Amino acid sequence: MEDPGQLSEYGKILLIAIVGMLLVCATIFLAKVLSPKNPNPIKLSTYECGEDSVGTAWIQFNPRFYVIALIFLLFDVELTFIFPWATVFGNADFIATDARWGWFTLIEMAIFIGILIVGLIYVWKSGDISWIKPEHKTPSVAVNIPSNAYERLNQQQYAVRDYKEPLVEEVNTEHSPIATAPKIGFKPKFKKPSSES
């Protein structure tokens, strides 16, 4: 670094960064000092999309959200390429040097947008943009069980019991009912390490 002017330019950038960090820290500190502190259950509750959060976060969600997010990302990235292209190649001085630059850049961007449009048409025709796809096929399996057996099973009422609730078994003696733990389908067995001498 032979030119001392470069040091002063980097010094300006460092000074701007330090002033920016100080302003952010001062704003956060003032907000903490001056803000009223009246906690109540409503203020302490989480707020997400205007709905009260009830239950666990481990829920199934529609995978179509993912496809729509990818399509949004596709066009978002497209715009990040188009804006610099328009600012650089829209310069009249740049195009005045050679008239072929205008046609070259126009064809280049047409190819780029064309590839994206072909991808959009493919996604559109495959039905991934449609929230509810028009074709629904009911899966069928060739079995020898008559369909009325399934209907009888589906029409019956079954008692649902919480798996954590203990079973109460009556004993024919004079003692009170005995509460036993629910039976677990899988019970691991651990082997003690054998001591070899």
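Ile-95 sits in helix 4, which covers residues 92-97. Helices here are DSSP runs of H or I with at least four residues, strands are runs of E with at least two, and both are numbered from the N terminus. This is a predicted model, so local features need pLDDT of at least 70 and side-chain atom pairs count only at pLDDT 80 or more, while totals for chains, interfaces and linings use all residues. Residues are numbered from 1 along each chain as its sequence is written, and side-chain values use heavy atoms, with hydrogens and water left out.

How accessible is Ile-95? Its relative accessibility is 30%, so Ile-95 counts as partly exposed. The cut-offs are under 20% relative accessible area for buried and over 50% for exposed, with partly exposed in between (1.4 Å probe, protein chains only). Setting aside neighbours within four places in sequence, Ile-95 touches Phe-89 and Gly-102, where contact means heavy atoms within 4.5 Å.

## Thr-105

Go 10 residues along from Ile-95 and you reach Thr-105, with 10.0 Å between the two C-alpha atoms. Thr-105 belongs to helix 5. With a relative accessible area of 3%, Thr-105 is buried. Once neighbours within four places in sequence are left aside, Thr-105 is in contact with Trp-85 and Phe-89. Phe-89 is also on the contact list of Ile-95.

## Helix 3 against helix 5

Two packed helices are described by the angle between their axes and the distance between the axes. For helix 3 (residues 64-89) and helix 5 (residues 100-125), the angle is about 175° and the axes are 12 Å apart. Those axes are lines fitted to C-alpha atoms, for helices over the stretch in contact, and the angles run from 0 to 180 degrees between N-to-C directions. The two helices are therefore roughly antiparallel (over 145 degrees; under 35 is roughly parallel, 65 to 115 roughly perpendicular and the rest oblique).

Helix 3 brings residues including Phe-75, Glu-78, Phe-81 and Trp-85 to this contact, and helix 5 brings residues including Thr-105, Glu-108, Met-109 and Phe-112. By type, the contact residues split into 15 nonpolar, one polar and two charged.

## The aromatic pair

How many aromatic pairs does the count give? It comes to one aromatic pair. The ring centres of Phe-81 and Phe-112 are 5.6 Å apart and their planes lie at 75°, so the pair is edge-to-face. The rule takes rings of Phe, Tyr and Trp (its six-membered ring) with centres within 6.5 Å, and calls planes under 30 degrees apart stacked, over 60 edge-to-face and the rest tilted.

Phe-81 is in helix 3 and Phe-112 in helix 5, 31 residues apart, so to speak a link between distant parts of the chain. Phe-81 is partly exposed at 47% relative accessibility, and Phe-112 is partly exposed too, at 27%.

## The whole chain

Overall there are six helices and two strands, in the order α-α-α-α-α-α-β-β from the N terminus. Of the 197 residues, 5% count as buried.

Key: Ala, Val, Leu, Ile, Met, Phe, Trp, Tyr, Cys and Pro count as nonpolar, Asp, Glu, Lys and Arg as charged, and the others, Gly among them, as polar.
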